[in-house]
Amino acid sequence: MNAFTEKVNKIDRRDAKLGMAHFYVAFIGLFLGGMAGLLQTLVRSGQFTLPAGIGYYQLLTLHGVVLALVMTTFFIMGFQFMAVSRTAGTLTNKQRKTAWIGFWLMTIGTVMAAVMILLNEASVLYTFYAPLQAHALFYVGLTLVIVGSWTGGGAIIMAYVGWRKKHPGQPSPLLTFMALVNTLMWIVATIGVASTVLFQLLPWSLGLVERVDVAISRTLFWYFGHPLVYFWLLPAYMAWYVIVPKIIGGKIFSDSLARLSFILFLLFSIPVGLHHQLVEPGIDPAWKFLQVILTFMVIVPSLMTAFSLFATFETFGRSQGATGLFGWLKKLPWGDARFLIPFIGMLSFIPGGAGGIINASNQMNQVVHNTIWVTGHFHLTVATAVILTFFGISYWLIPHLTGRILTKAMNKLAILQGILWAIGMTFMSGAMHAAGLLGAPRRSAFSEYGGAAQAAEWIPYQIAQAVGGSILFIAIILVIYIFINLAFFAPKGEEEFPVGEAANIAEKAPMILENWKLWLGIVVLLIAFAYTIPFIDLIENAPIGSKGYKLW
Amino acid sequence: MHIHKFEKIWLIFGVATLLVFLSVIGVSAFYLGNQPPSCLATINPEQVDTQAPFDKPGLNKVEGKEWDYELVFVASAFNYTPGEVEVPLGAKVKVLATTKDVVHGFNVAGTNINMMLEPGYISEFVTTFDKPGEFLIVCNEYCGAGHHLMSSMIKVVE
């Protein structure tokens with residue numbers, strides 16, 4: 001083993017610059033998207049109307065595109081580059097250049113899509129909704145974001161391959177392995193959205209073809225749409241598995257099991273998109289149920305993850321002399337934002353995951369489909385579990401990259417931010433879940449529905465959502481303030497990039513876990529199994545396609 | 001690869017629970033017939049108004065079928081036809097709906113009738129209206145600037 005690369009714990013300055021470029025875009029996106037979210041909750045309270053001719057659905061498109069696609073993708077790419085640079089060694093010039101090309105492609109694409117949204121040429125939401133037809137440049141912009149992420153993903157693959165060549169017969173560093181799994185999953189998943197955009201929506205919006213097949217476009221989108229949520233989640237799992245144990249002073253429960261759970265996510269993230277289409281016509285219910293079963297396979301690695309995390313916490317607490325059933329809880333560093341913020345995220349993933357099981361439960365989906373319950377669900381998963389973990393990462397990674405430190409004052413502010421988030425989200429997500437069970441729809445501006453009694457019952461919950469949304473926006477302002485401090489103003493110093501060690505360091509991870517021909521082969525087989533016949537059915541029985549509509 | 005004894009117990013318990021859960025929803029779906037709406041019939045979305053049963057939107061009594069009535073809805077931006085309909089209490093009804101333009105939702109609030117309407121496809125769901133009252137139908141899939149104004153009403157009367 002190369003002793004030098006093992007000892008270098010500080011990320012190379014050139015790599016740090018690459019990481020920071022991604023984080024600047026991500027946090028600008030957070031601010032814009034958060035602002036849009038605040039305005040949406042205010043509109044839905046019925047007490048506020050948007051000024052200056054801004055449309056509710058224009059705002060909603062901005063919120064979805066900027067947060068779900070742009071902010072997350074930039075943060076994840078930046079974090080994964082840094083994780084690889086830290087654990088597999090500084091990127092080579094060629095890898096770094098590839099990563100920069102990816103960054104600029106994504107940034108240009110983001111600007112194009114954002115301009116089209118602001119010009120009100122693309123109020124189709126980030127899920128596209130053909131036959132609503134946006135301006136072609138909106139589709140081109142989002143394509144560039146995807147292609148840019150592939151380019152960046154290429155840099156991660158190159159770095160992984162480079163490390164393996166230099167270290168034959170050895171398992172790759174855990175964080176690098178995890179970044180690679182997420183990259184491979186992303187590339188396979190985005191083929192779906194790229195296909196519908198390049199072969200259906202773009203030629204159609206340019207007027208080259210007159211009609212679009214809506215059911216196929218939706219199915220291709222959701223082939224991508226569900227693995228997208230695992231693309232958000234796995235970087236949070238990287239932090240939970242590898243970084244949080246080091247922050248608390250403990251060990252990774254098991255290196256091999258962490259790898260195995262990532263492989264299971266790779267296998268079972270993709271052939272499951274039909275569970276977003278359970279109440280859609282044109283798809284045989286037997287195939288829907290098959291994908292429901294495949295969806296639930298990810299419960300296995302989720303249970304493994306939950307066990308590992310709490311085993312790490314308990315083992316650490318007991319090593320510090322804790323006694324009794326729950327005495328170890330007291331030994332955890334509750335005053336450390338780098339631990340507390342991701343920990344709040346972990347807790348929110350318990351109700352978030354349970355809600356997800358309900359959503360995907362075949363016929364049970366009818367009770368909640370497209371109600372605001374679903375919005376409440378993913379604000380617990382991506383907008384709490386994932387995003388709080390990303391904030392927790394930022395609080396040490398940004399100063400590490402800028403050569404500064406997280407001061408005690410900023411740590412306190414970060415803790416306040418996390419608590420505000422938990423309170424705000426309890427109000428907002430809780431009220432969304434409750435109103436959704438009463439039938440309140442998602443993706444809808446304020447409406448009294450002609451004075452219907454049922455709709456009147458939803459309004460108090462919508463006011464609670466606005467209260468929660470306002471608290472969340474205060475938390476976002478705190479995050480931005482801390483980010484600016486850590487990027488430009490915090491005192492100079494050395495902030496650690498924590499990387500945990502396995503409890504049983506002697507146990508080498510089985511090399512079969514790095515056999516990508518095997519795993520990608522199974523991925524392809526599972527996708528072919530789950531999707532071939534539904535696609536053949538959709539194509540063979542296709543109705544006449546739809547012309548484009550601009551109804552906003 | 002070493003797996004801790006407690007983790008084995010945890011995983012066996014978790015997977016067993018999962019299997020029971022999947023069996024329950026599987027039996028409910030395939031044996032008791034509680035499938036999600038998955039109608040496979042197609043239609044030309046530009047000629048909805050001239051094709052049966054969508055040429056007669058509203059509640060239509062039918063004979064010799066497993067249900068007593070067919071409740072037919074046509075959706076287009078931003079309304080449903082009919083805009084209001086009465087259904088007798090206890091009636092077994094097949095709800096049939098389709099769209100003339102973009103994708104719409106069809107959710108009868110407070111019931112399990114919740115389905116997507118996609119251009120070119122017919123959506124259907126069989127149900128019994130066994131609670132009296134007014135049930136709001138909302139479009140719960142984004143369809144354009146008037147999406148939140150798109151609604152109808154089912155009045156279940158004795």
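A crossing of two helices is left-handed if the near helix is turned anticlockwise from the far one by less than a right angle, and right-handed if clockwise. This is a predicted model, in which local features need pLDDT of at least 70 and side-chain atom pairs count only at pLDDT 80 or more, while totals for chains, interfaces and linings use all residues. Residues are numbered from 1 along each chain as its sequence is written, and chains are lettered from A and ligands numbered from 1 in the order in which they are written.

**View 1. Helices α3 and α5 of chain A pack against each other.** Helices (H or I, at least four residues) and strands (E, at least two) are DSSP runs, numbered from the N terminus. Axes are lines fitted to C-alpha atoms, for helices over the stretch in contact, and angles run from 0 to 180 degrees between N-to-C directions. The crossing of α3(A) with α5(A) is left-handed.

**View 2. Strand β5 of chain B pairs with β2 and β8.** Two strands pair if DSSP finds at least two bridges between them. Seven bridges link β5(B) to β2(B) (residues 69-76) in the parallel sense, with B:Phe73 opposite B:Ala97. Strand β8(B) (residues 123-128) runs antiparallel to β5(B) and is joined to it by six bridges; here B:Lys94 has B:Val126 as its bridge partner. Of the eight residues of β5(B), six are buried (20 or more other C-beta atoms within 10 Å of the residue's own; exposed means 12 or fewer, and partly exposed in between; C-beta atoms are placed from the backbone).

**View 3. Five strands of chain B form an open sheet.** The order is β4-β10-β9-β6-β7, with mixed pairing. Strands β4(B) (85-88) and β7(B) (114-117) each have a single partner strand, so one side of each is left without a neighbour in the sheet. Antiparallel strands β6(B) and β7(B) are joined by four bridges, and B:Gly105 stands opposite B:Met116.

**View 4. Chain B touches chain A.** The contact involves 57 residues of chain B and 60 of chain A. Helix α1(B) supplies the largest share of the chain B side, eleven residues.

Technical notes: Two residues are in contact if their C-beta atoms, placed from the backbone, lie within 7 Å.
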